[in-house]
Amino acid sequence: MMNSSKSMSEKSDKKDDKKGGVSDMGAWAMNIISSVGIIMANKQVMSAAGYNYRFATTLTAFHFSVTAGVGYISSALGYSISKHVPFKDLFLFSLVSNTSIVAMNLSLMLNSVGFYQIAKLSMIPSVCVLEWILHGKTYTREVKAAVFVVMIGVGVCTVTDVNVNFSGFMAAVVAVISTSLQQIYIGALQKKHSCGSFELLSKTAPIQAASLIMIGPFVDYFLIGENLLKYTYTSGAIFFILLSCTLAVFCNVSQYLCIGRFSAVTFQVLGHMKTVCVLTLGWILFDSVLTGKNMMGMFMAVVGMITYSWAVEVAKTQAAKMATMKVKEPSFREEDVSLLKGDDLEYGKSDME
């Protein structure tokens with residue numbers, strides 16, 4: 001009875017997300033568009049040719065601060081329902097998430113771009129392994145093959161120079177494990193506490209914002225050797241920082257929506273569509289070179305994503321058929337069988353009915 005009520009509440013939360021006007025395709029589109037947009041905005045904010053605001057951890061703190069503000073306003077106006085989530089769970093999630101942010105920035109600083117991309121690609125098998133260890137989740141042969149094709153395709157179109165050192169390797173390992181755990185944790189918390197995507201984000205964003213604001217300037221000083229207080233904010237820099245924060249709200253909301261409705265593995269696999277979009281837009285808008293190798297890798301990645309979507313649907317159909325067959329199978333209790341074998345056949349029959 002408890003399991004059925006829990007599943008009912010999970011379904012109702014997914015319906016609540018959809019009642020908000022965001023379909024499954026809408027959630028994916030929001031994530032891809034906002035993620036690509038925030039990469040373009042951050043390029044303008046952080047590049048030397050732009051405004052040279054290289055304080056990545058502090059910028060992420062601003063992102064979560066704006067997200068927390070939107071969540072608070074939405075709750076105050078009655079657009080979202082605030083559900084209770086224990087502080088212990090919120091704190092552990094924030095710890096894992098902030099570790100992911102700091103480790104990813106450290107990995108980018110210490111490693112070559114090629115090895116950084118390899119580390120990002122390794123998140124797909126890492127999520128699969130962690131899902132198997134933590135939740136006993138298994139994958140069909142078709143899903144595994146599709147994941148492999150996506151990894152090869154994205155690797156071909158993004159990985160160039162690969163230089164590895166011990167400190168960079170350790171930072172990458174921490175980044176991969178913590179990011180994988182963070183994405184798995186998003187779905188697990190939504191199911192555990194029967195809360196919607198935006199409700200959970202509204203709970204976690206303030207804690208992440210507060211902690212990153214405290215540690216962000218120190219982490220950034222360690223990473224780039226520059227003092228945040230000495231940066232001169234121009235009107236252009238402020239505009240693009242605000243634009244980055246606005247896009248971050250949509251990016252965070254869509255991430256929670258996608259992982260809550262699907263899975264961390266699906267989010268990782270289909271999320272590489274963002275890589276394809278960034279490469280294409282870089283070629284169109286910023287005169288980036290797009291070689292035959294890039295295009296071949298992008299084609300493989302897209303084919304892998306399409307195959308993955310098909311393989312997941314096939315796995316769902318097979319699982320549904322198996323569940324239906326189990327329901328249809330007659331189940332006889334031992335006492336029922338003994339009654340059928342006895343002299344009082346009619347009594348056994350009525351008892352079964």
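The legends below describe close-up views of a predicted model. Residues are numbered from 1 along each chain as its sequence is written, and side-chain values rest on heavy atoms, with hydrogens and water left out. Because the model is predicted, local features need pLDDT of at least 70 and side-chain atom pairs count only at pLDDT 80 or more, whereas totals for chains, interfaces and linings use all residues.

**View 1. The largest nonpolar core and Val143.** A nonpolar core is a set of buried Ala, Val, Leu, Ile, Met, Phe, Trp, Tyr and Cys residues joined through side-chain atoms within 4.5 Å, where buried means under 20% relative accessible area, exposed over 50% and partly exposed in between, with a 1.4 Å probe and protein chains only. The largest such core holds 51 residues, and those with the most contacts inside it are Val143, Val265, Val269 and Tyr308. Its largest share, 7 residues, comes from helix H9 (residues 197-224); helices (H or I, at least four residues) and strands (E, at least two) are DSSP runs numbered from the N terminus. With residues up to four places away in sequence not counted, Val143 touches Tyr308, Ala311 and Val312, contact being defined as heavy atoms within 4.5 Å.

**View 2. The surroundings of Gln183.** Gln183 is placed in helix H8 (residues 166-193) and counts as buried, because its relative accessibility is 5%. Leaving aside neighbours within four places in sequence, Gln183 is in contact with Gln255, Ile259, Ala264, Phe267 and Gln268.

**View 3. The salt bridge between Arg54 and Glu226.** A salt bridge is a side-chain nitrogen of Lys or Arg within 4 Å of a carboxyl oxygen of Asp or Glu, and the whole structure has 2 of them. In Arg54 and Glu226 the closest N and O atoms are 2.5 Å apart. The pair links distant parts of the chain, 172 residues apart, with Arg54 in the loop between helix H2 (24-46) and helix H3 (56-76) and Glu226 in the loop between H9 and helix H10 (235-261). Arg54 is partly exposed at 33% relative accessible area, and Glu226 is partly exposed at 26%.

**View 4. The salt bridge between Asp89 and Lys192.** Here the closest N and O atoms of Asp89 and Lys192 are 3.0 Å apart. Asp89 belongs to helix H4 (residues 87-110) and Lys192 to helix H8, so that distant parts of the chain, 103 residues apart, are linked. Asp89 is buried, with a relative accessible area of 8%, whereas Lys192 counts as exposed at 51%.

**View 5. Aromatic pairs.** Rings of Phe, Tyr and Trp (its six-membered ring) pair if their centres lie within 6.5 Å, and planes under 30 degrees apart count as stacked, over 60 as edge-to-face and the rest as tilted; this rule gives 12 aromatic pairs. Trp28 and Phe267 are stacked, because their ring centres are 6.2 Å apart and their planes lie at 25°. Trp28 is in helix H2 and Phe267 in helix H11 (residues 264-271), so the pair ties together parts 239 residues apart in sequence. Both Trp28 and Phe267 are buried. Phe55 and Tyr231 form an edge-to-face pair, 6.1 Å centre to centre with 80° between the planes. Phe55 is buried at 2% relative accessibility, as is Tyr231 at 16%, and Tyr53, Phe55, Tyr231 and Tyr233 form one aromatic cluster.
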